[in-house]
Amino acid sequence: MTCKKAIIAVLLLCFACSPIYGEDVEYISITNPFLRKIPIAVTTLKSFSDTAAEMETARQSAAILSKALTFTKYFKLLDPAAFIEKPAEKGIRKKEINFTNWSGIGAEMLITGGIAIKSGILNLELRLFDTVKMTMIVGKRYKGRKKDLREMLHRFCSDVLMKLIGDPGVFGSKIAFVSNTTGSKEIYTCEFDGFEPRRFTNYRSISINPAWSADGKWLAFTSFYKNGKPDIIVKSVKGRIGSIIARKGVNVSPAWVPKGFQLAAALSYSGDAEIYLLTGRGKIIKRLTVSNGIDVSPSWSPDGRRFAFVSRRSGTPQIYVGDSATTYAKRLTYSGTDNQEPCWSPKGDKIAFTSSYGSGGDIYVIGADGENLMQLTQDSGYNESPSWSPDGSLIVFASDRRKKKSKIYVMTAFGTEQQQLVFMKGAQSNPAWSRVIDK
Amino acid sequence: MKKNFYFYIATALMIVGMIFTVSCGKRVDPFDTTSEVPGEAGATMDAGDEMERTAFIARDIHFEYDSYVLTDEAKEMLKGKYQWLEKNPRAVIVIQGHCDERGTNAYNLVLGEKRAKSAQNYLIDLGASPVTLSTVSFGEEQPMDPDSNEGAWAKNRRAHFVIAN
């Protein structure tokens, strides 16, 4: 539904700005909405009381907005050097803007804003205009503490995307990952754009495969910390250990259900690794797979009825889709001899996974119905652990493409614009993207 | 009583052996062990026993890519290990399963367990006591050789034996 809305939104924009291409709309939008980016001008915010601190924050705000909108991949930011008008001086409201000055330089959209800081409280006023229709699309006021500037600006970006695409986007989501910066593999978290990586565990052991609970309040991961063997630790983001799933054998690959305090995981206590549904406290609710051989790495469909997982029941690791009501499972992938780490898209229509071969691995996406296999990475070493952004527009993954050292990258859901996301010493792996987390 | 005596000596030797192995930072070549065993006058464990013991620890059994099936070579090696176990019934053994870096972390933890269990089951079939044989999987987390090439991968796909007591 939202996907349809996205397409319609992009279509509408195309109609609005360049009716001449009106007949080509299908071509533009359906295959890849990122092919045609919306040219947008983000202007320096107006300082209402003209203090030095306010003006500095105003400049900073424009930079944060520009960076955030660029990150979505939907927009093309115009160079401020080309701007004819200065709304920060002339005025930020509709009647104070000469739209032809903006459409004339190629901007189809314009963002203006104002800022006032009074005794540590920040008042923001932000507007998004359609320069062709000469209308205001979004106009909002935000109030908060000065230190929440980034979050407030991101809230506006969410409001913009909500209006244009029908989805609030990635703002307010986080990414968990593994890094060996300290010499041992620990779990880290950072903002959606790689901002402020923070170490979450300090176990000096081996901790891998973090997974976010749906509400973003819990992380589950595999760790050798407690018993010197792979167990699953369920830990609140505030740092409290909720439970440790430490059955005999291996306890790996946790995956939270889309709603509630339950997770699927692969446990081998019965002698063979099978996937189970457990409570967040570690109590087994039921067994989800039955097969001889390895079953591992579950990932839930957004409605929680089905789950993708890896099974070697056919002789090589392949992606299967299981039904949580029965133990029936259907094979999804047939090409490639080593397909692993399925990640079901938040819109439900696609499943990303890693396909490995002799000397490398690549990220693929396949329809949940097994159709439309698409390769997203190529010729770039090992590309692993795909994880969808909460809006399904981007995919975070690990790649050792540079100097054979694994780092965290992000790309569009179509494989374009692959960029490094986390810049840290050491090797990073196993990224997991949270939903948008309510504060 | 006498048995206990041997046991203590064996333990002492084992500790010395372990310190030696660990401090070297790499495995001791079983056929190059010339060091005298210090302490214990009239020690009953001779250099031959020590060599066998070191070999038991040092020799890993190896696997094909993405496989936990024992090769003929692996089976021969396990037969050798079983002989040692027969002579050392008090030894508490942990079999570690390891993988090369290819494949995912989670899958490799499961695969490593399968490898360790293949070795364990084979030894139990030969007659070893299940009570003293446990397994743990490290997946791809502790490579012998951190390089990314076939030579390193082959070394890393292994079941490694540790004497825990």
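**Exercise 1. Salt bridges within chain A**

A search of the whole structure, which is a predicted model, finds 31 salt bridges over all chains. Take the pairs A:Asp148 with A:Arg145, A:Arg150 with A:Glu191 and A:Glu274 with A:Arg287, and describe the geometry and surroundings of each.

*Solution.* 
Step 1. The side chains of A:Asp148 and A:Arg145 come to 3.0 Å, N to O. A:Asp148 has 15% relative accessibility, so it counts as buried. A:Arg145, at 48%, is partly exposed.

Step 2. For A:Arg150 and A:Glu191 the closest N and O atoms are 3.9 Å apart; the cut-off is 4 Å, so the pair still qualifies. A:Arg150 belongs to helix α6 (residues 149-165) and A:Glu191 to strand β8 (residues 186-191) of chain A, so the bridge ties together parts 41 residues apart in sequence. Both A:Arg150 and A:Glu191 are buried. These two residues also belong to a network of salt bridges with A:Lys174 and A:Asp193.

Step 3. A:Glu274 and A:Arg287 meet at 3.1 Å, N to O. The former is in strand β16 (residues 274-279) and the latter in strand β17 (residues 284-287) of chain A, so parts 13 residues apart in sequence are tied together. A:Glu274 is buried at 1% relative accessibility, whereas A:Arg287 is partly exposed at 35%.

**Exercise 2. Charges over rings**

Which rings have a charged end placed over them by A:Lys235 and B:Arg102?

*Solution.* 
Step 1. A:Lys235 has its charged end over the ring of A:Phe200, 4.8 Å from the ring centre. A:Phe200 is also part of an aromatic cluster with A:Tyr203, A:Phe221 and A:Tyr225.

Step 2. In chain B, B:Arg102 lies over the face of B:Trp153, at 3.9 Å from the ring centre.

**Exercise 3. The interface and the core**

Describe the contact of chain A with chain B, then the largest nonpolar core.

*Solution.* 
Step 1. Chain A contributes 32 residues to the contact and chain B 23 residues. About 2,200 Å² is buried between the chains, with carbon and sulfur atoms giving 57%. On the chain A side, A:Ile294, A:Arg312 and A:Gln340 lose the most area, together 22% of what that side buries.

Step 2. Three salt bridges cross the interface of chain A and chain B. B:Lys114 forms a salt bridge with A:Asp272, at 2.6 Å between the closest N and O atoms.

Step 3. The largest nonpolar core has 51 residues, and those with the most contacts inside it include A:Val252, A:Trp300 and B:Val110. Its largest share, five residues, comes from helix α4 (residues 105-126) of chain B.

**Exercise 4. Positive phi**

Where do A:Asp50 and A:Glu417 lie, and how exposed are A:Asp50 and A:Glu417?

*Solution.* 
Step 1. Most residues other than glycine have a negative phi. A:Asp50 has a positive phi of about 55 degrees, and A:Glu417 has a positive phi of about 55 degrees.

Step 2. A:Asp50 is in the loop between β2 (46-47) and α3 (52-72) of chain A and is exposed, with a relative accessible area of 56%. A:Glu417 is in the loop between β28 (407-412) and β29 (419-420) of chain A and is partly exposed at 29%.

Conventions
Residues numbered from 1 in each chain as written. Chains lettered and ligands numbered in written order. Predicted model: local features only at pLDDT ≥ 70, side-chain atom pairs only at ≥ 80, totals over all residues. Heavy atoms only, no water. Phe/Tyr/Trp six-rings, centres within 6.5 Å; stacked < 30°, edge-to-face > 60°. Lys NZ or Arg CZ within 6 Å of the ring centre and 35° of its normal. Core = buried A, V, L, I, M, F, W, Y, C linked by side-chain atoms within 4.5 Å. Buried < 20%, exposed > 50% of the residue type's maximum accessible area, 1.4 Å probe, protein only. Helix = DSSP H or I, 4+ residues; strand = E, 2+ residues; numbered from the N terminus. Contact = heavy atoms within 4.5 Å. Buried area = accessible area lost by both parts, 1.4 Å probe.
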